[in-house]
There are 2 protein chains.
Amino acid sequence: MTAVKVGLLGLGTVGAGTINLLERNNDEIARRAGRGIEVVAAAARNLDRPRGCSTKGIRLTTDPFEVVNDPETEIIIELMGGYEPARELVIQALRNGKHVVTANKALIALHGNEIFGHARDNGVTVAFEAAVAGGIPIIKSIREGLAGNRIEWLAGIINGTANFILSEMYYEGRQFGDVLAEAQRLGYAEADPTFDVEGVDAAHKLTILASIAFGIPLQFDKVHVEGITHISREDVAYAEELGYRIKHLGICRQTDEGVELRVHPTLLPSRQLLSSVDGVMNAVMVMADAVGPTLYYGAGAGADATASAVVADLVDVVREFELDPVNRVPYLAFQSTALSDKPVLPVSNIVTAYYLRMEVADQPGVLADITRILGEAGISIEAILQKEPAPGAEHVPVILLTHPVRERQMDEAQERMEALEAVQGRITRIRQEQLQ
Amino acid sequence: MTAVKVGLLGLGTVGAGTINLLERNNDEIARRAGRGIEVVAAAARNLDRPRGCSTKGIRLTTDPFEVVNDPETEIIIELMGGYEPARELVIQALRNGKHVVTANKALIALHGNEIFGHARDNGVTVAFEAAVAGGIPIIKSIREGLAGNRIEWLAGIINGTANFILSEMYYEGRQFGDVLAEAQRLGYAEADPTFDVEGVDAAHKLTILASIAFGIPLQFDKVHVEGITHISREDVAYAEELGYRIKHLGICRQTDEGVELRVHPTLLPSRQLLSSVDGVMNAVMVMADAVGPTLYYGAGAGADATASAVVADLVDVVREFELDPVNRVPYLAFQSTALSDKPVLPVSNIVTAYYLRMEVADQPGVLADITRILGEAGISIEAILQKEPAPGAEHVPVILLTHPVRERQMDEAQERMEALEAVQGRITRIRQEQLQ
């Protein structure tokens, strides 16, 4: 089947990231979607600027309306940001019968009700997973994954810049202004950081989340918004002393009286999972009546993470083109004719680090024997813990952490160590993973 | 539109939970799915047993084939568990042209390839979100939300019983056998705990996750499986001393050589988010090339959490009945004609606890004035922190945590406190939430 043809508005970092991702994972995406996806036209403000992606085979223009009116494009990706001309372009695309994928939270939060009306009138769809919490599939999870629940409240760290600043204030004891200046140097914060540190960006995202959670229209103007500019490192330290972290949260809650929509700094108990979400990472905790609390964590911004959500939306739209609805999403994610025959490795081939615990005779030379055997098997040691013998015991526990090694080598070394007279019984062996 | 008619196989706790959830959230579910969902027939082994749900209006039978062959049912929910007769019943339902929703991980892990073949042949779907990690929408997130990514590895705490036992060993310093016996008393562990503590249940789930992540066929027989029965409280304590937690993980990884499929106890750095997942909770961390690490956390078992996933699958299937594919999933989760007009509350109505920081004159009676004002406003105090004055400073910081109070009351109290001569400048006020 021919590839689905896509037009792109905005060739900044996320636009380039999307083109790169579609190219790099081209085969994997087609195996999932059933068809390839190809960017055929793109609009950028300045065509001469160097870009972080190849634009080979893409018709480039400075006029975004050309892309939106291009009869060849079936789906339009809007990555320009801001209200206008994004709003006008998206509506024009919908009127032209094209589906729209957008990462524009401001646009959806303020003009979503209008835009969805145009989409319905024209029998096309608008997808906006990338608008909230970057690459975390939070919209899909709430909209589909929790569809059986009455959602009671949700609370999210949904602005990476604010979370980075508060994390630095906590871990480094620095003042707000200091960290902000550094974040701007590092490119985590905009030259004008108002939207991030005053909570406007988080309020855009909360508006969308609340609508999806509670089935209410988008009402950005009713969100209570506070930023983090008045938080001092002293507040962060006092909160810690009391057992709390300060996080900038978007919170919405359904009560009998109505709906709460609020964005503000918040003291959270330190043991709360959300309190451990640091740096530029995002996370949303959702409380629902049947499933209880669920949490979704990941990168909330950045070219690749945002592109991940944009491409997921593209695949969703392309999967809707499938004529047979029950085969829309393949059971195992990939088309049944496109499964891989990659072999499953025998466990002896697997490389991991190890924790080893053994009981050894409390006599000189034992540790030397053990480390020699490990050394000969090419296994290096990361840490050794030798414990005192229990009163009257002849054996002492020795605990070793190794660096990663192929399991086969460890099997051989373990056999040799267990053959030592000074080693009693079997060695307890547990794998160790850094997960990085 | 008439409600979709559903047949249910198995009326145990999850079956009862599903009936209760469909009834309790009947309106909310119909607003999302576009149609109501109604259980019209159910099979149970023993019809005389008391159940945790109403069976009014449901045709009950002891013969599950009656439900599967009932011409009225459009979707069959299989909650019997085990391999047979579940396999035969599911295949019969598919042959009868009925869609199937199942929570049966063993069935999908071992017979999924065969079952999906029958589904394809008959133009119907098989949904199994409830088979992995209970109410966490992990299958949907990987299959759809991460569809643009090449998934590198995933690691999950996907057996609540094993995680509960390891958590107790860590926090209470108890031995494996002790905790297992208690878990059995509490109903967290089966009378025959083999599947949980030997890793078989986790291996079923890992088999499914790996297929969806990598696009490989289901290959349960190739999973390397180790349980937690050989882990002692001493191992847990030594691991902690070295900066690690021991967790029972399902791990799969793609390498150039092939695919790793393994379930085993694992030392994880304590700072890892997965290390903070305690008790019966589940969580899966997925590493993907574009989005980076994402994590999904929630209840992995229990009647309500499993029912949440079953109903989400039902809504997915019902949404596929929608003739207009682009309106399959409503933009804002609920049908546009079914949005709620619940009012957004003014912030003065909102009830939260507060952190207050103020600079006060270092003289007697000030704290008495402050606590009197708070008391008169009906605000009770949870904690007070009074710091030493800086050398030569005339003012000292006082920090208060209050119990929850309506914002309006706090506004008034704050105004009165700031009017005290001994209080310098404005009071810093930050909301506090327990998120429970």
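A salt bridge is a side-chain nitrogen of Lys or Arg within 4 Å of a carboxyl oxygen of Asp or Glu. Lys205(B) and Asp201(B) meet this criterion in the predicted model, with their closest N and O atoms 2.7 Å apart. Both belong to helix H10 (residues 200–214) of chain B and sit 4 residues apart, so about one helical turn separates them. Lys205(B) is buried, and Asp201(B) is buried too.

Over all chains, the structure holds 62 salt bridges. Here are three of them:

| Salt bridge | Closest N and O atoms |
|---|---|
| Arg24(A) with Asp289(B) | 3.1 Å |
| Asp235(B) with Arg357(A) | 2.3 Å |
| Lys205(B) with Asp201(B) | 2.7 Å |

Asp235(B) lies in helix H11 (residues 233–241) of chain B and Arg357(A) in strand S13 (residues 351–361) of chain A, so this pair joins two chains. Asp235(B) is buried at 0% relative accessibility, and Arg357(A) is buried at 13%. By contrast, Arg24(A) is partly exposed at 43%.

There is also a network of salt bridges that links Lys140(A), Glu144(A), Asp316(A), Lys140(B), Glu144(B) and Asp316(B).

Now to the helices. In chain A, H13 (residues 366–376) and H14 (residues 407–418) pack at an angle of about 155°, their axes lying 9 Å apart. Angles over 145 degrees count as roughly antiparallel, and H13(A) and H14(A) are therefore roughly antiparallel to each other. Their crossing is right-handed. H13(A) contributes Ile370(A), Arg372(A), Ile373(A), Leu374(A) and Glu376(A) to the contact, while H14(A) contributes Ala413(A), Arg416(A) and Met417(A). Of these contact residues, 5 are nonpolar, none are polar and 3 are charged.

How values were computed
Residues are numbered from 1 along each chain as its sequence is written. Chains are lettered from A and ligands numbered from 1 in the order in which they are written. This is a predicted model: local features need pLDDT of at least 70, side-chain atom pairs count only at pLDDT 80 or more; totals for chains, interfaces and linings use all residues. Side-chain values use heavy atoms; hydrogens and water are left out. Axes are lines fitted to C-alpha atoms, for helices over the stretch in contact, and angles run from 0 to 180 degrees between N-to-C directions. Angles under 35 degrees count as roughly parallel, over 145 as roughly antiparallel, 65 to 115 as roughly perpendicular and the rest as oblique. A crossing is left-handed if the near helix is turned anticlockwise from the far one by less than a right angle, and right-handed if clockwise. Contact means heavy atoms within 4.5 Å. Ala, Val, Leu, Ile, Met, Phe, Trp, Tyr, Cys and Pro count as nonpolar, Asp, Glu, Lys and Arg as charged, and the others, Gly among them, as polar. Buried means under 20% relative accessible area, exposed over 50%, partly exposed in between (1.4 Å probe, protein chains only).
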